Amino acid sequence: MNDKAFESVIGLEVHAQLQTQSKIFCGCSTRFGDQPNSHTCPVCLGMPGVLPVINRKVVEFAIMTSLALHCEEIPPRSVFARKNYFYPDLPKGYQISQYESPLALRGSLEIPAGGNGLRKIGITRVHLEEDAGKLVHGEGADSGSSFVDLNRAGVPLMEIVSEPDLRTPEEAGDYLRRLAAILVYLGVCDGKMEEGSLRCDANVSVRRRGETALGVKTELKNMNSFKNVEKALAKEIQRQIALVSEGKKVVQETLLWDPDNEVTLPMRGKEEAHDYRYFPEPDLLPLVLENSWVEELKKKIPELPQEKADRFVRDLGLTRYDAEVLVAAKPVSDFFDETVKIHPEPKKVSNWVTGEFLRIYWAEGGGPVKMTPQNLARIIKMVDEGKISGLVGKKVLEESYKNGQDPEKIVQEQGLSQVSDESALIGIIDEVIKDSPKEVERFKSGEEKLLQFLTGQVMKKSKGKANPKRVGELLKSRLGK
Ligand SMILES: [Zn+2]
């Protein structure tokens, strides 16, 4: 089997839960984690004779997203449709969605394509729909019973469908991460796949390189993290290539990703659109968007990740790679921007933020940045001025991040100031010389690189407080160089 003889064709369908206070067609709260069925009313319970009313904020969020995704068409009139199917967590027996006349069409999104390059991925459509409820399967005494919680029924979802433009699992991952970042920048979705507020289904097929017709596709579901999307796609592509290589056929079906065993399992034959008996929703008027409203929303769109990364490269001289790392999480890119205003050395600040800062940020759970830009600027300044070593700077950064303390105070209270004074250093230097006779000999006989080793030993013994430059000088003079 030769994998290189094949290419894969991937399209993604992403469901984003919109961050509104109330549901899409009623006034019930969208708050998560409360008592089951405590956020329900006749509308979201699907009682007969009640009428849905569209939530203006939901439409606003979808328009903003469509604008951010460069949709060429946001039709002045779109139509909601009934998607009929039976499921125990869907009391109406149908889901209100959009089908023939979606909210927006023909957009695009750019993903990194090596070096400074970018690749445009087409977006087919953006539409609105309601979420279903949730089944909870009983345990213990309730084992064998199932319960339904309708708090989630009617929570607004925005579906974003891509063109089959993605060619590798990594590209799919890049597309998803970038899309999540855009939604977070817009403030319309929290972008958390692990918590289900961003869900992704993938359509994937393979074909021999050079072929233009599409192969038979399968649909992958249940991939609850960015990493799992990449893993599941890689596994499925391998499976399909193996089948086709052996002259067998890929069957069109829906597969569930099992993240624990890292395998895909058949779920059911794939439904066709006609199985759902779509028809225009008679309980809702067509959605009419006034142009002035769309124009007004255009002005509300903030600087998005792509523009921000471009600005970091163009105006601040950062590499594309660093710029992309910075813009991936909005709080981090905002923090970087603010720190550069106080300490106008972008490359230096970028090194600190993309290095030690990001490590601590993710270790502390991400989310809003828990330190002020002023405090990072102070740490960088102390290191620059030689008041503390770079190593100590990292330690101070971690403490200041965790407890919000003033970095200068941390240095003062813990006696972390860098030591450049000969009398304070010479004792440690002599100890190191005594403990490393072999290395000292090699250095004396001309192996210059041993100076780094010896300096390192002194740094270790001084717990990072010695000034490395001064240590080097003192070592040399001590060893008669
Ligand atoms: Zn309700």
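## Basis

The model is predicted: local features need pLDDT of at least 70, side-chain atom pairs count only at pLDDT 80 or more, and totals for chains, interfaces and linings use all residues. Residues are numbered from 1 along each chain as its sequence is written, and side-chain values use heavy atoms, without hydrogens and water.

## Nonpolar cores

The largest nonpolar core holds 104 residues. A core is a set of buried Ala, Val, Leu, Ile, Met, Phe, Trp, Tyr and Cys residues joined through side-chain atoms within 4.5 Å. Buried means under 20% relative accessible area, exposed over 50%, partly exposed in between (1.4 Å probe, protein chains only). L128, M158 and Y175 have the most contacts inside this core. Helix 2 (residues 169–186) gives the most to it, with 10 residues. Domain 1 (3–295) and domain 2 (305–413) both contribute, so the core lies between them; the bounds come from an automatic or database domain assignment.

Beyond four places in sequence, L128 touches residues including L18, F80, L157 and M158. Contact means heavy atoms within 4.5 Å. A second, separate core has 18 residues, among them L425, I426, L451 and L479.

## Buried E230

E230 sits in helix 3 (residues 226–245). Helices are DSSP runs of H or I, at least four residues; strands are E runs, at least two; both are numbered from the N terminus. E230 is buried, at 10% relative accessible area. Setting aside neighbours within four places in sequence, E230 contacts P169, E170, G173 and R177.

## Strand 13

M267 lies in strand 13. M267 counts as partly exposed because its relative accessibility is 36%.
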